[in-house]
Amino acid sequence: MISDPQQQQHLTQHFPLLLNAPLEFQEHFFKHATLMQIPEGHTIASEGSECSQLALVLSGKVRVYKLADSGREITLYRINTGDSCVLTASCIMSSMPFPAIATTESKVEAVIIPSQYVREWMAAFTLWEGFIFGLISKRLADVIAVLEDVAFHRMDERIAAYLIALSSQGMILTTTHHKIAADLGTTREVVSRILKAFDSKGLVEGARGKLTIKDLPGLQAYRH
């Protein structure tokens, strides 16, 4: 139960659906939801696990990914502030096990809702139903984009696009070859070889744990 008015206001700021929700829904939500602090590096859900609750992220970041028998990983999507895990919601509604792995990439503050109420509110409150289907629509587009990227683009094109996306945070990127490989579903050796080629063309410059984009227009032209 979340009874503290300040905590309730905090939640409303992060989840606007609460702001315009009927009083009955707000009462149900705050009665059955709980706040939880989750440390960095914690596995929230493993492949095959039961989805017994839905987490709404208030702060921090969660990575949802698939792991192959070979040990290679590929990121499906990340959950940020104000989001939730569509795979968890889908599993709750279908009573199917979780099909991926979800881990925290930073300390996470989340609102936890038992699966029973996730299902009950879907039937009772149109606002909640719209919120859940909105999550599904958004994340489905993300996953389809990942599938299209894997199916239709060479790895060097995908790495160029990955670096372009990160450039919104600045031209000096704090990342590693292993992290890029894990996000894109390839090996560290492949990433290293392609980044070395980019370096020789003056597009990027690598250092331990960092990567500097030297020619962003060049990367953008390379991607197309």
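Figure 1. Glu47 is partly exposed, with a relative accessible area of 44%, where partly exposed covers the range between buried (under 20% relative accessible area) and exposed (over 50%), computed with a 1.4 Å probe on protein chains only. The model shown here and in the other views is predicted, so local features need pLDDT of at least 70 and side-chain atom pairs count only at pLDDT 80 or more, while totals for chains, interfaces and linings use all residues. Residues are numbered from 1 along each chain as its sequence is written, and side-chain values use heavy atoms, with hydrogens and water left out. The side chain of Glu47 meets that of Lys66 in a salt bridge of 2.9 Å, N to O, a salt bridge being a side-chain nitrogen of Lys or Arg within 4 Å of a carboxyl oxygen of Asp or Glu. Because Glu47 lies in the loop between strand S2 (43-45) and S3, and Lys66 in strand S4, the pair ties together parts that are 19 residues apart in sequence. Lys66 is partly exposed as well, with a relative accessible area of 29%. The helices (H or I, at least four residues) and strands (E, at least two) named in these legends are DSSP runs, numbered from the N terminus.

Figure 2. Glu73 forms a salt bridge with Arg63, with the closest N and O atoms 3.0 Å apart. Since Glu73 lies in strand S5 and Arg63 in strand S4, this pair ties together parts that are 10 residues apart in sequence; both Glu73 and Arg63 are buried. Asp83 forms a salt bridge with Arg139, where the closest N and O atoms are again 3.0 Å apart. This pair links distant parts of the chain, with Asp83 in the loop between S5 and H3 and Arg139 in helix H5, 56 residues apart. Asp83 and Arg139 are both buried. Salt bridges that share partners also join Arg63, Glu73, Arg78, Glu105, Lys179 and Asp183 into one network.

**Figure 3. Strand S7 and its partner strands.** Six of the seven residues of strand S7 (residues 108-114) are buried, so S7 is largely enclosed by the rest of the structure. Two strands are said to pair if DSSP finds at least two bridges between them. Strand S1 (residues 34-38) runs antiparallel to S7 and is joined to S7 by five bridges, with Ile38 standing opposite Val108. Strand S3 (residues 53-59) is also antiparallel to S7, through six bridges, and here Leu54 has Ile113 as its bridge partner.

**Figure 4. The largest nonpolar core.** A nonpolar core is a set of buried Ala, Val, Leu, Ile, Met, Phe, Trp, Tyr and Cys residues joined through side-chain atoms within 4.5 Å. In the largest one, which has 44 residues, Phe25, Phe29, Val64, Phe98, Ile113 and Trp128 touch the most other members. The elements that each supply at least two residues of this core include helix H2 (23-32), helix H4 (115-124) and helix H5 (126-152), and the largest share, five residues, comes from S7. Leaving aside neighbours within four places in sequence, Phe98 is in contact (heavy atoms within 4.5 Å) with residues including Ala45, Cys51, Val64, Leu87 and Cys91. A second, separate core of 19 residues includes Tyr162, Leu163, Leu166 and Leu203.

Figure 5. Ser167 lies in the loop between H6 and S8 and is buried, with a relative accessible area of 12%. Not counting residues up to four places away in sequence, Ser167 touches Leu173, Ile213 and Leu216.

**Figure 6. The three-stranded open sheet.** Three strands form an open sheet in the order S8-S10-S9, with antiparallel pairing. Strand S8 (172-174) and strand S9 (204-207) stand at the edges, each with a single partner strand, so one side of each is left without a neighbour in the sheet. Three bridges join S8 to strand S10 (residues 210-213), and Thr174 stands opposite Lys210 in S10.
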